[in-house]
Amino acid sequence: MDKSPKCSRCGKKAIIDIRYREEKLCRRCFLKFFEKRVHRNIEKNKMIKPGDRVAVALSGGKDSTLTLYILKEMLNKVKCELFAVTVDEGIKGYRDKAIEFAKRNTKELDLTHIIVSFKEIFGYTLNEIVEKNKVLRGARGPCTFCGVFRRRALNILSRELKASKVATGHNLDDESQTYLMNFFRGDIESSLKMNCDESISELFVKRIKPLSTTPEREIAAYALVKGIPFHMDECPYAQEGMRNVVRVHMNKIESTFAGSRENFYYFMNEIIKHLKTKEKMKFKLSSCILCGEPSSKEICKVCELLKIIRG
Amino acid sequence: MLKIKVKLVDGKISKKEMVLNKKEVTVQDILDILEINRETVLIRKKNELITEEEILDNGDEIEILRVISGG
Ligand code: SF4
Ligand SMILES: [Zn+2]
Ligand SMILES: [Zn+2]
């Protein structure tokens, strides 16, 4: 007798437990559940419209890879252009492997794929930056340089390629963690800017996050079920950021009180929405006096970090 | 007594055999013993995903895939 837990919807063998919905789902019902949520997120937040030129920021990991597959699938319904861009930070033994997966998937989907490196844009690989700043940790750790430089590289590249949107693979875990990190840092401004649009600066390409309402674990499950190849290793620098601490605690809370993560995310979204309208918080970025890129300060974060690297 | 083979895929692969002095064991029991948070992993048996409530048979082999980066 098969004693496996059954799908709450159709009674077939369950492959995943969606505890925060109190549902166990079979393969077919899970795929449907997953796709419906992503499509709803895209539609509700008007992420793509006909005529858009969407650049997918493809790292080779599961999140961005699935973003690419899902958007590609949507091209049948919404007439827009799609291509992939990859930023090679220069992390030996990690990103180089991920890029192989990125190439494989763009080839499989028959999409244009453009790769640009930190070295080309900023003059240093991330490995070299870390090497030069050995003693620096926390706010000056590898992830700070990596994140700031990657966002800049993506913005420059997608602007040059005349993309109207940049799609990233940020998932529900990422977004909740970011909210919580900003919270612990007392950084309201960063949370307010998390989902800003192009009105913030003419030089800024709007970002969309189709997977922002999907838990990371389910993204992996979807990719496995569908047999989509992705890079699974962990970045050698991953342990060093505040994000890691926040992630562990968030997962503990979620495993004890299912649904906490989602509740927290929507709670923060609501707060941010109200703050934006009530306080008329409209950000307008000016240009960095050194490099001309959009910045909230006279000198942008990239130029500030470059100064640190150069010593 | 139950014998369960566990393959832990966590960047690298490690294998262990667990001998449990129990009549019945679920995937969740295994995760608890290994102190693995269910939110961070997916479980496969014979290449198919299974839920944490799945009851395992003597001699079963499961794969625990760490799918949440870091932590
Ligand atoms: S873990 Fe940090 S250093 Fe590694 S890719 Fe992510 S942001 Fe960059
Ligand atoms: Zn079903
Ligand atoms: Zn600058």
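This is a predicted model: local features need pLDDT of at least 70, side-chain atom pairs count only at pLDDT 80 or more; totals for chains, interfaces and linings use all residues.
The protein donors are the SG atoms of Cys7(A), Cys10(A), Cys26(A) and Cys29(A), which lie 2.3 to 2.4 Å from the zinc ion (ligand 2). The angles subtended by the four donor atoms range from 102 to 117°, which makes the arrangement around this ion tetrahedral. For four tetrahedral donors, the ideal angle at a metal is 109.5 degrees.

The zinc ion (ligand 3) is coordinated by the SG atoms of Cys288(A), Cys291(A), Cys300(A) and Cys303(A), at 2.2 to 2.3 Å. The site is tetrahedral, with angles of 107 to 113° among the four donor atoms, and the spacing of the donors along the chain is C-x2-C-x8-C-x2-C. Cys288(A) is located in the loop between strand E8 (286-287) and strand E9 (294-295) of chain A, while Cys300(A) is located in the loop between E9 and helix H12 (301-310) of chain A; the pair therefore ties together parts that are twelve residues apart in sequence. Cys288(A) has a relative accessibility of 4% and counts as buried. Cys300(A) is buried as well, its relative accessible area being 1%.

Chain A also contains an open sheet of five strands, arranged in the order E5-E4-E3-E6-E7 with parallel pairing. Strand E5 (113-117) and strand E7 (206-208) of chain A are the edge strands, and each of them pairs on one side only. On average, neighbouring strands of this sheet are turned by 30° against each other, direction ignored. Helix H3 (residues 95-109) of chain A packs on the sheet, where it touches E4 and E5 of chain A, and its direction makes about 165° with that of E4(A). The pairing of strand E4 (residues 81-88) of chain A with E5(A) is parallel and comprises five bridges; within it, Val87(A) has Val116(A) of E5(A) as its bridge partner. Helix H6 (residues 142-160) of chain A lies across strand E3 (53-57), E4, E5, strand E6 (165-167) and E7 of chain A, and runs at about 140° to E4(A).

In chain B, five strands form an open sheet in the order E2-E1-E7-E4-E5, with mixed pairing. E2 and strand E5 (48-50) of chain B stand at the edges with a single partner strand each, so one side of each is left without a neighbour in the sheet. Neighbouring strands are turned by 30° against each other on average, direction ignored. Strands of a sheet pair through backbone hydrogen bonds, in either the parallel or the antiparallel sense.

The antiparallel pairing of E1(B) with strand E2 (residues 12-20) of chain B involves nine bridges, and Asp10(B) has Lys12(B) of E2(B) as its bridge partner. These two strands, E1(B) and E2(B), form a hairpin with one residue between them, and Gly11(B) in the turn has a positive phi of about 75°. Strand E1 (residues 2-10) of chain B also pairs with strand E7 (residues 61-66) of chain B, in the parallel sense and over five bridges. In this pairing, Val6(B) stands opposite Ile62(B), Leu8(B) has Ile64(B) as its bridge partner, and Val9(B) stands opposite Leu65(B). Strand E4 (residues 41-45) of chain B runs antiparallel to E7(B) and is joined to that strand by five bridges; here Lys45(B) stands opposite Ile62(B). Helix H1 (residues 27-34) of chain B lies across E1, E2, E4, E5 and E7 of chain B, running at about 110° to E2(B).

The sheet of chain B is also contacted by chain A. Helix H9 (residues 216-226) of chain A lies across E4, E5 and E7 of chain B, at about 30° to E4(B). The contact between the chains takes 30 residues from chain A and 23 residues from chain B. Together, the two chains bury about 2300 Å², of which 55% is on carbon and sulfur atoms. Of the area that chain B buries against chain A, 25% is supplied by Glu39(B), Leu49(B) and Thr51(B), more than by any other three residues.

Definitions and conventions
Residues are numbered from 1 along each chain as its sequence is written. Chains are lettered from A and ligands numbered from 1 in the order in which they are written. Side-chain values use heavy atoms; hydrogens and water are left out. Two strands pair if DSSP finds at least two bridges between them. Helices (H or I, at least four residues) and strands (E, at least two) are DSSP runs, numbered from the N terminus. Axes are lines fitted to C-alpha atoms, for helices over the stretch in contact, and angles run from 0 to 180 degrees between N-to-C directions. Contact means heavy atoms within 4.5 Å. Donors are N, O and S atoms within 2.8 Å of the metal (3.2 Å for Na, K and Ca); water is not among the atoms, so sites may look incomplete. Four donors count as tetrahedral if all angles lie between 85 and 135 degrees; four count as square planar and six as octahedral if opposite donors are over 155 degrees apart and all others between 65 and 115; anything else is irregular. Buried means under 20% relative accessible area, exposed over 50%, partly exposed in between (1.4 Å probe, protein chains only). Buried area is the accessible area (1.4 Å probe) that two parts lose on being put together, summed over both.
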